[in-house]
Amino acid sequence: MHDVSALQIADSKIQTGIDGVDKILRGGLPRNRLYVVEGSPGSGKTTLALQFLLEGIRHGETVLYVTLSETAEELYEVARSHNWSLEGIHLLELDSLAERIREDTDYTVYHPADVELVETTRRIREEVERIRPTRVALDSVSELKILSQTIARYRREILGFKQFFVGKRCTVMVLDDLTSAKNEQQLQSIAHGVIRMERETRDYGTTRRQLHIIKMRAVPFQEGLHDFVIRAGGLEVFPRLTVREHPMTHRKIDATVESGVKELDTLLGSGLDCASSTLILGPAGCGKTTISAQFMIAALGRGEPVLCFLFEERYETFLQRAAGLGMNFESHLESGLLELVQIDPAELSPGEFAHYIHTRVESRGVQMVVIDSLNGYVNAMPNERFLMIQMHELLTYLGQKGVVTLLVMAQHGMMGPMGSTPVPVDVSFLADTVILLRYFEAQGAIRQAISVVKKRRGAHERTIRELQLTATGVLLGEPLREFEGVLTGVPRYRGTQRPLLKET
C-alpha cells in the first residue's frame, strides 16, 4: 500500500526558476521525473539547467550539477556572466572524454569505452547516494552516447538512470546536444518530458531563439514555439499569446473613441469603435503618425493609459514634431499615463513584442495601443509567412480586452498608386477600420486628402476631405465634392467654386 503523502509529493510540481517556462507548463515540472532538454550548442541549455538548480536552492533543496563535457571553470564563467553565485550547488566534475579514455593497451580484457562507461555511471550514483539531492542536472549525455557504442546499450543506461533517480526522489534534467536523430528518439521515448531549444541566425540582427515542449506525459501545456532571449540574469521566455486563455473584458464594445477633431470624428461616423483595430495607410510624410498622435492625445486627456511603439522614428523626434503641432506629451510621460517605446527591429522577436503588450495591458490597463509602423513590425519578423497568424492573434487579444489599436503603415513612393505597399502581405482585411491618406496636386500646390475606405461596425462618411497639419493640430476641410481623381493623386476640378482650405 502506497504512502498517501509520498503520492502527493510525486504528483506535485516544482518551478523551473523561469516564469515563462512555468507558465507554458501550467505551473512547473512534475516532481521526481526525468526530463530531456535538447538543443544545438549555444541555445541556452546550460543556462536553463543552472536556473533550475538555483531555484531549488532558493527553496532550501539540495542540488547537484554533473558535468561530463564542461569544466567547473566554464560553469563559473557562465554564472559570472549572469551575476549568479553557484554557492550551494554540488558540482561533480568528471574529466573530459579525451582525458579519460586511454590507450587500448591499458586494458587487457575489456574495451576501454566499457570501462569508462562503468566508471562514469558509478561515480554519478555514488555522489547522488552521498548528498541525496532533490534536483540534478546532467550535462550532457553526448559523452554517454559515445561510451555506450550501441543504441541498445545507450537505452539501457538511460533507463537505469531513470529508475535510479526516481527511486531517490530526484527531479532530473538531462542536457542533450542535437547530433544524432536515432539517439534523440531513444532518449525522448524514455524521458517523462522533452524541452527543445532552438536558435536561428537571421540575415541581420540578433539570433532568434525559440523553445517548445516536444512531450510532457499526463501534463497539459501550451503548445507551439515560444520566443526567448538570454540576457544578464538568465533566460527570459515569452509564452505564445493565445486568445482562448484571456477572457473578454467587460468594457463596452459599442462605445466610440473620439479624436477631439469634430470633422475627423464625423468622417469616421462618430469616432473609432472601442475594442477595434484601425489601419492608417498612406505614403511617407502624409500625416499618418499625426493622425494617430491626435487619437493618443485625446485618449490621454480622458485619463486613458496609452502604449505607443516607434519602429522608425526616434523618441525625441516624435515629441518635437508633436509639440510643433500643438500636442504636448511630456506631462503624460511624466505621469506614466503614456508609455513611448522606441523599437529596434533588428533586436526584437515577435514573441517578445506580443509579450510586452500583453504585460502592459494586464498590469497597467492600457486602453490604446499604437504601432508606428507596421512596416517596422514586419521587418522584425524573421519569416513573413507567420505575419498573418501573429498579427491576428495580437489584434484579437487586444479586441477582447477592449483596447483600441492603431496600426500605421507606409505605402511605396510619395505619389504611388492606391494600394501600393512594401509589405509582402495584405493586412488591410485584419483591421476593422481603414483610414487612407493621399497626396494630390491642386492649384500648383501639393495637398493632402483623407478618407475612410472601410469600417466594419456602423456607417461612416464616404467622402474625401482635405487634410492639413497646422501649429494648432489637425484640420479637416469640407468634402471635396467638386474634385474627381483625388485618390489617384491626379484630381480634376469639376466645380465652380474653391472648396480647399487656405494655406497656413
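Predicted model: local features only at pLDDT ≥ 70, side-chain atom pairs only at ≥ 80, totals over all residues.
Reader: Nice. Which residue does Arg-58 meet in a salt bridge?
Author: Its side chain meets that of Glu-55, at 2.7 Å from N to O. Both residues lie in helix α3, three residues apart, about one turn of the helix.

Reader: And Glu-55, buried or exposed?
Author: Glu-55 is buried, because its relative accessibility of 9% is under 20%.

Reader: How many salt bridges are there in the whole structure?
Author: A search finds 20. One of them joins Asp-177 and Lys-45, at 3.1 Å from N to O. That pair links distant parts of the chain, with Asp-177 in strand β7 and Lys-45 in helix α3, 132 residues apart.

Reader: How accessible are Asp-177 and Lys-45?
Author: Asp-177 is partly exposed at 21%, whereas Lys-45 is buried at 8%.

Reader: What about Arg-122 and Glu-126 in helix α6?
Author: They form a salt bridge too, with the closest N and O atoms 2.5 Å apart. The two sit four residues apart in helix α6, about one helical turn. Salt bridges that share partners join Glu-119, Arg-122 and Glu-126 into one network.

Reader: Switching topic: which residues form the negative surface patch?
Author: Glu-73, Glu-74, Glu-77 and Glu-93. Helix α4 gives the largest share, three residues.

Methods:
Residues numbered from 1 in each chain as written. Heavy atoms only, no water. Patch = residues over 30% accessible without salt bridge, like charges linked within 9 Å, V, L, I, M, F, W, Y side chains within 5 Å. Areas by Shrake-Rupley, 256 points an atom, 1.4 Å probe, with all protein chains shown as cover. Salt bridge = Lys/Arg side-chain N within 4 Å of Asp/Glu carboxyl O. Lys, Arg positive; Asp, Glu negative; His and termini not counted. Charge placed at Lys NZ, Arg CZ, Asp CG, Glu CD. Buried < 20%, exposed > 50% of the residue type's maximum accessible area, 1.4 Å probe, protein only.
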